Amino acid sequence: MASKRTAVVTGGAGFLGSHLTDRLLKEGFKVIGIDNFITGSTANIEHLAGNDDYRFIKHDVSNFIYLPAEVHYVFHFASPASPIDYLEYPIPTLKVGAQGTQNGLGLAKANKATFLLASTSECYGDPLVHPQPESYWGNVNPIGPRGVYDEAKRFAEAMTMAYHRYHKVDTKIVRIFNTYGPRMRLRDGRVVPAFIGQALTDQPLTIFGDGSQTRSFCYVSDLIDGIFRLAMSDFHEPVNIGNPVEMTIKQFAEEIIRITGTSACIEYRSLPVDDPKVRQPDITRARKILNWEPKVSFEEGIKYAIDYFRDKLKAG
């Protein structure tokens, strides 16, 4: 029997990195998770203790990555990913997008491995094209507070394509749109855990601006399926993975109030700088190249998420 392929997942103790790890193990990979726990959590990977196919290394991938083992895939998911995190850690966010990406690409190059970059819909900034196809170059403020994340990911994409073109590394780029599900941090500043946490504790749901800005929410299992399909494909340009069903933030708050049955009201606050007015993926490319589209409905997925956060709140 052939030996198992080995995948490295940077940011492996994070929300998405841990779910990706589970999928890779299920698909028969050995996985090496790397994380420095700036925003990751041991709770996300504690269920993997004792798994012979899993190994964890505490390390900041903005520093050189040395692994004696042969590696076949490198999934670069290390980065603060919510506004509350990258505003608190602006320089580590820039560094992991620059040096971290280069170190991951170097590891892939040395091993002749496939490299997959977790990029973001934030590359589109506050978009002037709607919905956003991969061909759209974006509308980003490089010196605004959100620029540390947006430009880190845009630079990471440029670096990834340079390694593909110059060093012939087998690279993939996924542009991830709003994703939610178990293992999100309750207070990570993103709208799904924020609204659910507020609803379950009967606090006002905080809307920034008038609530007319839109988002599209993808359940985590759908996202991970799209990422895995992309990793196994021979496609090298960016691919949007997200749910194209769009709703306003006000509609989303009203849905959370309805489903949780909370008596909480909605509270309005001023809009943060450079907050995108619209966000909706054009997933034509994912449908065509990966034969992928989301399967989990909003009603189904949000109930899973609410149950998870309810259990977390009960556990304290």
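This note covers the paired strands, the cavity and the aromatic pairs of a predicted model.

1. Basis. The model is predicted: local features need pLDDT of at least 70, side-chain atom pairs count only at pLDDT 80 or more, and totals for chains, interfaces and linings use all residues. Residues are numbered from 1 along each chain as its sequence is written, and side-chain values use heavy atoms, with hydrogens and water left out.

2. Strand β1. Strand β1 spans residues 6-10, and five of its five residues are buried. Buried means under 20% relative accessible area, exposed over 50%, and partly exposed in between, with a 1.4 Å probe and protein chains only. Strands (E, at least two residues) and helices (H or I, at least four) are DSSP runs, numbered from the N terminus. Thr6, Val8 and Thr10 point one way from β1. Ala7 and Val9 point the other way.

3. Partners of β1. Two strands pair if DSSP finds at least two bridges between them. β1 pairs with β2 (residues 30-35) in the parallel sense, over five bridges. Within that pairing, alanine 7 stands opposite valine 31, and valine 9 has glycine 33 as its bridge partner. β1 also runs parallel to β4 (residues 73-76), joined by four bridges. There, valine 9 stands opposite phenylalanine 75.

4. Five of the six residues of β2 are buried. Five bridges join β2 to the parallel strand β3 (residues 54-58). Valine 31 has tyrosine 54 as its bridge partner in β3. β1, helix α1 (residues 15-26) and β2 make a right-handed β-α-β unit. Right-handed means that, with the strands pointing away from the viewer, the path from the first strand over the helix to the second runs clockwise.

5. Cavity. The count is one cavity of 30 Å³ or more. A cavity is a set of points on a 1 Å grid over the protein atoms alone where a 1.4 Å probe fits but cannot get out; lining residues have an atom within 4 Å of a point. The largest cavity holds about 40 Å³ of space. Volume is the space filled by probe spheres set on the points, with grid points joined across faces, edges and corners.

6. Lining. Among the lining residues of the largest cavity are His76, Thr93, Leu117 and Lys153. α3 (90-111) and α4 (147-167) each supply at least two lining residues. α3 gives the most, with four. The lining divides into five nonpolar, five polar and one charged. Ala, Val, Leu, Ile, Met, Phe, Trp, Tyr, Cys and Pro count as nonpolar, Asp, Glu, Lys and Arg as charged, and the others, Gly among them, as polar.

7. Aromatic pairs. The whole structure has 14 aromatic pairs. Rings of Phe, Tyr and Trp (its six-membered ring) pair if their centres lie within 6.5 Å; planes under 30 degrees apart count as stacked, over 60 as edge-to-face and the rest as tilted. Tyrosine 180 and tyrosine 219 are edge-to-face, at 5.5 Å centre to centre and 70° between the planes. They sit in β7 (residues 179-180) and β10 (residues 218-219), 39 residues apart. Tyrosine 180 is buried at 0% relative accessibility, and tyrosine 219 is buried at 8%.

8. Phenylalanine 195 and phenylalanine 252 are stacked, at 5.6 Å centre to centre and 25° between the planes. Phenylalanine 195 lies in α5 (residues 191-200) and phenylalanine 252 in α7 (residues 249-260), so the pair ties together parts 57 residues apart in sequence. Phenylalanine 195 is buried at 2%; phenylalanine 252 is buried at 0%. Elsewhere, ring pairs link Phe29, Tyr73, Phe75 and Phe228 into a cluster.

Technical notes: On a 1 Å grid over the protein atoms alone, a cavity is a set of points where a 1.4 Å probe fits but cannot get out, and a pocket is an open set with protein on both sides within 12 Å along at least five of seven lines; lining residues have an atom within 4 Å of a point.
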